[in-house]
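Please consider the structure shown below. The paragraphs that follow lead the reader through its parts in turn.

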Amino acid sequence: MEIYLPIAEIAVNMLMLLGMGAAVGFLSGMFGVGGGFLLTPLLIFSGIPPAVAVATQTGQIVASSVSGALAHWRRKSIDVTLGVILIAGGLIGAALGIVLFRVLQGIGQLDLIISLLYVFFLGGVGSLMLLESGRALFRRRMGRPVASRRPGQHTWLHRLPVKMRFKRSKLYISVLPVAGLGALTGLLVAIMGVGGGFIMVPAMIYLLRVPTNVVIGTSLFQIIFVTAFAAVLHAVSTQSIDSVLALILMIGGVMGAQFGVQAGVKLRGEQLRLLLALLVLAVCGRVLYGLVATPEDFYVLTTMSGHAE
Amino acid sequence: MMRAVAALVFCLASFTALPAARAESVIAALSEKVVEIRSNFVGTEIVLFGSVERDGETVGRAHGYDVVVVIEGPRRDIVVWRKERVAGIWVNGAGIEYRNAPSYYAVLSNRPLEEIAGPVVLRRKGIGRDYLPLEAASEESEETVAVFRDALLRRKEAQSLYFSHHDAVDMLTPSLFMAHIPLPANIRTGGYRAQVHVFGDGALLATSRVGFWVIKTGFEAAVYDLAHRQPLVYGLATVAMAFGVGWLGSVMFRRN
């Protein structure tokens, strides 16, 4: 069943899009990530122009994050105070990201930078998570207890000024690293079409030492607002959001996410992180292959403004 | 001055038309004046009909008529990038800009172009892959520009937006013909122009022009227009839709 997308200006199979949305939605509900890091490359692999894929994804992620966050809201696993600080940083990052996006598009290097960012972030985060979760699983198998939290342990992050108390996370830390983390993910939201959960979740766990039970809910909570902001900026600035494509992906994604949340509850933290790590590395490998494999044709066409032609 | 130019043009025109003495003319019509793109658009085909008219004094051509239909889509500036390997990664290196390149270029004929007319005529009329005028805005050497030009043609052909079909014009009778014009799903919206050239014994006898529009209609057009005319409203509406779908999904699938 082919459907013509008004902004992407191509016809694609609607059932394939629904299926992609559902599969990625399931995983995003399970792992508490926006799913953009999977869906954006999948869209690009299936022929959607990269600029349209990225911009449309920012809208799509809003929907999947809303339904995911609502599920966490009922379970009271969202730290709103922490989320608000992350959002404040995220909005600034997203605005910077859009500016950068336009500049890269103008000089014909947007697709390359998107791919490189995917390889860099997915590769780095995936490897770290694989090591950490593998070690944790190994320890558990050896019968040693796994300390999910080490209270009283301080890093340089805890010595920064402008401290704030985050009740639900049981944290008393500076807002600077929190807002900084928000800004970094906001930047990635705008350029990569991701929610930034794959950065946010590990950074909250390992750097900020937020308890695992509020990490996923809070991450989804902040993703909603940062991606919504990025989506509006993309609509105004790059005019690349295809709302028909977004709607199809949203419907698939939201349905998948509900089942993903249920599945995620049944798995242990280390197992969840190990699976996510493998998935992240697989996508990274596919994008890397696209960069290093000898292209079929050594020439590509774009319009003057950098859109694929 | 103007008169001199006009006289020169007239001389040239009469010279080029000399073998034919302007005895033939061609009329053509399209099955559709407007091609509408809707949500179920997966490409389409329109039909061009035409007839070669001959005045009473002209005798028929011994080898019959040949018909070449050239269709051009809306023009836009295109940049051709060459991929280069930098540290093992393929990146866009040198780029050459082509101004006002047609987004769509089809050459339909009843037999191979080189059998119909010589290169001089084809070049002058810009008929065919080799003679399509493409204006490169570049300081590069001629060979380099030629390589990039070939790449542009090749990429466009890969997208089915440039093509030459040597058997696409059906000569129903020696003077009556029809041609199917394929329009793939990835065509641009805008004005299209079809030039119908009639050849006889290697000489261009007559040319006629017809045009058609490719437009988005219905929901597709509404979305496209909103996105470009009211981008802020469009963005906010998309986000509102996302909130709605997300909330709906959460309510529908709620399990306690």
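**Domains, sheet and interface**

In this predicted model, the C-alpha centres of domain 1 and domain 2 of chain B are separated by 38 Å. Domain 1 of chain B covers residues 23–215, and domain 2 of chain B covers residues 218–251.

Chain B also holds an open sheet of six strands, whose order is S2-S13-S12-S4-S7-S9 and whose pairing is mixed. Its edges are formed by strand S2 (34–37) and strand S9 (162–165) of chain B, each of which pairs on one side only. On average, and with direction ignored, neighbouring strands of this sheet are turned by 15° against each other. Strand S4 (residues 65–72) and strand S12 (residues 190–200) of chain B run antiparallel and are joined by eight bridges. Asp66(B), for instance, has Phe199(B) as its bridge partner in S12(B).

Attention may now turn to the meeting of the two chains. Here 48 residues of chain B are in contact with 48 residues of chain A. On the side of chain B that touches chain A, two or more residues come from each of strand S5 (75–86), strand S6 (89–102), helix H4 (142–158), helix H5 (218–229) and helix H6 (231–252) of chain B. The largest share of that side, 15 residues, is supplied by H6(B). By residue type, the side of chain B that touches chain A comprises 27 nonpolar, twelve polar and nine charged residues.

Strand pairing also links the chains. Strand S5 (residues 299–303) of chain A pairs with S5(B) in the antiparallel sense, over five bridges. In this pairing, Trp81(B) of S5(B) is the bridge partner of Val300(A).

Key: Residues are numbered from 1 along each chain as its sequence is written. Chains are lettered from A and ligands numbered from 1 in the order in which they are written. This is a predicted model: local features need pLDDT of at least 70, side-chain atom pairs count only at pLDDT 80 or more; totals for chains, interfaces and linings use all residues. Two residues are in contact if their C-beta atoms, placed from the backbone, lie within 7 Å. Helices (H or I, at least four residues) and strands (E, at least two) are DSSP runs, numbered from the N terminus. Ala, Val, Leu, Ile, Met, Phe, Trp, Tyr, Cys and Pro count as nonpolar, Asp, Glu, Lys and Arg as charged, and the others, Gly among them, as polar. Two strands pair if DSSP finds at least two bridges between them. Domain bounds come from an automatic or database domain assignment. Axes are lines fitted to C-alpha atoms, for helices over the stretch in contact, and angles run from 0 to 180 degrees between N-to-C directions.
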